[in-house]
Amino acid sequence: MFGLKTECALRLDEEYHGLDDYQGRMARWCPGCGDNGILAATQRLCRDEQLPPEKTVFVSGIGCAARFPHYMKTYGFHGLHGRALPTAQGIKIRRPDLHVFVNMGDGDCCSIGTAHWIHMIRMNMNLVACLHDNNIYGLTKNQASPTTPAGMATATTPKGAYLKELNPLSATLGVTNVSFVAQVVEWVPELLFKVLQEAFHHRGFAFVRILQRCPHFMPDLFTSLLNDPKKILVLESEGISLSEATAKIYTNRRDHDVSDLATARALAEDEGQVPVGVLYRNPGVPCYEDLRRPARASSPALVRNVLESAFDGFAINPGA
Amino acid sequence: MNEVATPIHQAVRLDEQVVEIISDSGEGAQTAGQMFGTVSAKMGNGVWTVEIIPAEIEPPARSRAGASGIRIRIGTGPVTNAGDAADLVVAFNEQVLLGRETAGEFRKGAHILLDDKWRDHKDPGIAEAYAEAVDHLNTSGYRVHEIPLDAECKKHVDNPQRGKNMFVMGMLAYIYSRDVDLVSEGIEAKFKRKGDQAVSSNLTLMRAGFAWAREHLDLHYDVPSEGVSEAKVVMNGNTAAALGVIAAGMDVCAMYPITPATSASHYLSGIFDQVGGVVHQAEDEIAACAFALGASYAGKCAVTITSGPGMALKTELMGLSVMAEIPLVLLDVQRGGPSTGLPTKVEQGDLLAAIFGVPGDAPKVVMAPATIEDCFYAMITARKIAETFRTLVVVLSDANLATGQQAFRRPEFSEEWLAPPIDQSPVPEGHRPYQWDPETGLSRRHIPGQPKGLYTLTGLAHTREGTVAYEPGVNQEGCRHRSLKLAAFQKTLKTPRVYGSESGGRLLLLGWGSTRGAIEEAVDRARADGLDVSSLHLKFLQPMASGIKEILQRFDEVMTVEINYSDSLDDELIDADNRRFANLAWLLRARYLIDVDCWSNVHGQPIKPGAIEAMIRERLGKED
């Protein structure tokens, strides 16, 4: 059976988790919203990896994408705008047994939470972060985000966005300790799933930028990409290959060495095409939670000893 | 005792002394002063130290505003505050000395021990400034002793800049009959990390200072102690709070550097990992708070340590802690405000911000330690309250407690201090993540890893199931239950005891936090002179215990004493319609509908008992 682990097979009846075991509340995104596809792919990932729902936590900030945890049947933390990453760090630091996923919009990640994004890359904690990038603020109704293309009219830039759009891939690939960077489009489910799977299996901070359609506010944003699949460059690497049917549509492909940071950066900056797949992977970067792993587990006796020894250093003893 | 300890003069007995060591930054005045305090505490004396810290790390040398140093008050009996004016001052140059003198920090007739190396300085401007200062001090009635501090130290070390503090330590050890063996132990403990050479050189300097003072000064006192009858510890408030974090069984401390809170995290960073804890220095104050909340959500006990400006940045997450009922302890070591304010100086201006600062209705617990000992136990109590009531607890310490050293009874470890192990058992069938008890608002939280407990925590208004509220009435219900928790907690609080006359009288002073010692000392002095004044000190500011209104009603006049700004009716524009009160006075007036007055200032200094006493005398019509 697909994704079934051997130990689960022995207790198949009670242990096996089907797709419905990960399906939370009814999603309330707009019809045609790309988040629906990301949700489906993520639920499939959880099913295929047989993640224990009680050991899985989805963390988000604020925005359309941030409703994600409500639609998963796992633990979830729908916190504050921009603060999903440091919250996830806190969850993970002393709970390495938990599978942690972070879902952020472009406002969350690239605007209000930018400092956290940079430091998360440097800390390289073992979790998956998906940037649902629809290039617009949706929940607050149509304001320019840092990734809104220059010239695009929005509610706050009626004459067109003034600044050139921020490139989240280049930004991520430029930070010390970067260990996994991928990009994918949500309208190719097969590729979306494979990229998420690669991200999940990476030990370290896996950053996945997902180009996501917002039919309500940005109906034409990806029209040219959808109409001209050649503008999408599929990076084939271990774990990332297309089925025969999909390969017929996406003919612009190349083998990519995921350990080659210089090429990854060049691809990220190439404005002529949209690279999808794993751009960069370095499994050798240490994870912050490993660097900070305690030498021993706490116990009342240990606390007593440490306190007594500290008090000894400050002691005033009778008879002195 | 070794040979240097034999005095020439007979020691004069004193009940207490206030000593200051004043220097440029980096000359080790604080090290010497803390050692003097620790040795005195170990000898059984009452002790309080307060550091004098300039705003910059290395301000220009010989500048009045750059005065760096320490005040140490020692006494035969307990000492609860830094006292009034200094009796004896050691200064490394005359400019930093004048900085303190101008501020009125020295008693008339105080002894001033001043390094004389500036008298013959090659820069005539400096030599002149020195001579002028000495004249000024002499004519102002101080007893100036010019000390060849630099020259004497040069006999033993190449660079007296490093090391003359230990010469001073030796002088003070002679002057105040301190136990030289304890001083030597202190030096060994302090310098052993720098190697044997550093230890022996500093010991030599200390002994030289002792011998020099014995031969050249006719200052020789003893401040006898009542002896050490029980095991004690001596430390400052930030260290005590850090040890409290460990004693509370916490797992995670997330912080961002900010004065004057950071030294708590420094100390914790050195030992927290020995008990499996982690100090996480986040990229900013907001991240630190989010990190702590994430850890707590995942079942680990967490604290975030900051000061006023940092708490301001954490405000939104404080609201999330309350709204989503994630236990969190926030230690705010207050400094002068608003804005960047007085980073190294004391103030109590965060009280109303802590209670009301979060937008929306966000009931939380706010408590304040009044002593160094309180700083330790407050963390244990705060952790328990946070977990039991599933809420945010703000602990308001301040810059005075942060660096002040005081001895207190050595805590006896109890396993009850610790948090219980994280619950990973299945949640009972049908139990909801916010199953609010209709009477108390309390509910048992679900922790990731617990089967059958799946839910998504949200900062949005939510139902008992934790789902986003779409129906009217749900928000009212949530707010009501979170508020009821505070009422349930309030029912556990004991009425605080009046210091002075329980049955009432003419004047009641109300205080909170680090001012307790100074207020009670002032009350003692005034009562000894027959004045009808009492005081009441509040540990829990939100909620406040029952019975306080009844106490207030027993006094003719009630006023707060605070290190906070309040308007003065002496200002032409200020009247009853626009006068702004100090934080606690606002709070008491609002809750009890009693005309609570206030006496407060924001000089960035601990309030002195003498100043409070003078105010009491003025109020009660019995001025000196």
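Colleague: How many residues does the largest nonpolar core have?
Modeller: This is a predicted model, in which local features need pLDDT of at least 70 and side-chain atom pairs count only at pLDDT 80 or more, whereas totals for chains, interfaces and linings use all residues. Residues are numbered from 1 along each chain as its sequence is written, with chains lettered from A and ligands numbered from 1 in the order in which they are written. A nonpolar core is a set of buried Ala, Val, Leu, Ile, Met, Phe, Trp, Tyr and Cys residues joined through C-beta atoms within 7 Å, buried meaning that 20 or more other C-beta atoms, placed from the backbone, lie within 10 Å of a residue's own. Val208(A) and Cys253(B) are among those with the most contacts inside the largest core, whose residues number 283.

Colleague: How many residues of chain B are in contact with chain A?
Modeller: Contact requires C-beta atoms, placed from the backbone, within 7 Å. By that criterion, 52 residues of chain A meet a set in chain B that numbers 58.

Colleague: Which element gives the most to that side of chain B?
Modeller: Helices (DSSP H or I, at least four residues) and strands (E, at least two) are runs numbered from the N terminus. With nine residues, the element that gives the most to the side touching chain A is α10(B).

Colleague: What radius of gyration does chain B have?
Modeller: The radius is taken over C-alpha atoms, and the globule rule is 2.2 Å times the number of residues to the power 0.38. For 624 residues a compact globule would be near 25 Å, which agrees with the value for chain B, 26 Å.

Colleague: What percentage of chain B do buried residues make up?
Modeller: The C-alpha trace of chain B spans about 85 × 60 × 50 Å along its principal axes. Of its 624 residues, the buried share is 55%.

Terms used: Contact = placed C-beta atoms within 7 Å. Buried ≥ 20, exposed ≤ 12 C-beta atoms within 10 Å, placed from the backbone.
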